[in-house]
Amino acid sequence: MIADVPDSDYDKTILLNNLGTALFLRFDRRGDLADIDDSILAFGQCADLTPEDDIDKPARLGNLGRALRGRYERLHEPGDLDTAVSVMQRVVELTPEDHGERSSRLSNLGTALLRRFEWKQEQEDVNQAITVL
């Protein structure tokens, strides 16, 4: 069980990431809100336990951001979208300019910003989205 693995064990981050992914996929298929909530918890704990300088930190934060955006799409809870944007901004900050995943991470951020623009109608969100896309 994951709870039995010490936080200091790097394998715990891998287990939490895999759990978050499985729960997110099941939510996508079945729509059970408990799955997306648990997915966000797993991805959040995974990101928290992953050191800032770890090469996997941006991807793990990206999973959290996508799960938050997914829950927003279902429940329209504004806090989820604000947090998703903040997390995805951090993902882009941590991703080197020449990284192969940078364009998809910018796209994820741009999509979240556009969703937030649709909700808040704040021009800055659409301006930032245009910049990153």
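Is Met88 buried or exposed? Select Met88 and find out. Met88 is buried, with a relative accessible area of 3%. Buried means under 20% relative accessible area, exposed over 50%, and partly exposed in between, using a 1.4 Å probe and protein chains only.

Before moving on, note that this is a predicted model, where local features need pLDDT of at least 70 and side-chain atom pairs count only at pLDDT 80 or more, while totals for chains, interfaces and linings use all residues. Residues are numbered from 1 along each chain as its sequence is written, and side-chain values use heavy atoms, leaving out hydrogens and water.

**Stop 1: around Met88**

Met88 sits in helix α4. Helices here are DSSP runs (H or I, at least four residues), numbered from the N terminus. Met88 and Arg66 are 22 residues apart in sequence, yet 8.3 Å apart in space, C-alpha to C-alpha. Leaving aside neighbours within four places in sequence, Met88 is in contact with Gly65, Arg66, Arg69, Asn108, Leu109 and Ala112. Contact means heavy atoms within 4.5 Å.

**Stop 2: Asp80**

Stay in α4, which spans residues 78–94, and select Asp80. Asp80 counts as buried because its relative accessibility is 7%. Beyond four places in sequence, Asp80 is in contact with Leu68, Arg71 and Tyr72.

**Stop 3: α1 and α2**

Select residues 11–30 (α1) and 33–49 (α2). These helices pack at an angle of about 155°, with their axes 8 Å apart. Axes are lines fitted to C-alpha atoms over the stretch in contact, and angles run from 0 to 180 degrees between N-to-C directions. That angle makes α1 roughly antiparallel to α2, a term for angles over 145 degrees. The residues of this contact divide into 11 nonpolar, six polar and four charged. Nonpolar covers Ala, Val, Leu, Ile, Met, Phe, Trp, Tyr, Cys and Pro; charged covers Asp, Glu, Lys and Arg; the others, Gly among them, are polar.

Now pick Asp35, in α2. At 4% relative accessibility, Asp35 counts as buried. Leaving aside neighbours within four places in sequence, Asp35 is in contact with Leu23, Arg26 and Phe27.

**Stop 4: α6**

Finish at residues 123–132, helix α6, where Asp125, Val126 and Ala129 are buried. They lie on the same side of α6, because they cover an arc of only 95° around the axis. The arc is taken from the directions from the helix axis to the C-beta atoms. The buried residues pack against α5 (102–120).

Definitions and conventions
Helices (H or I, at least four residues) and strands (E, at least two) are DSSP runs, numbered from the N terminus. Angles under 35 degrees count as roughly parallel, over 145 as roughly antiparallel, 65 to 115 as roughly perpendicular and the rest as oblique.
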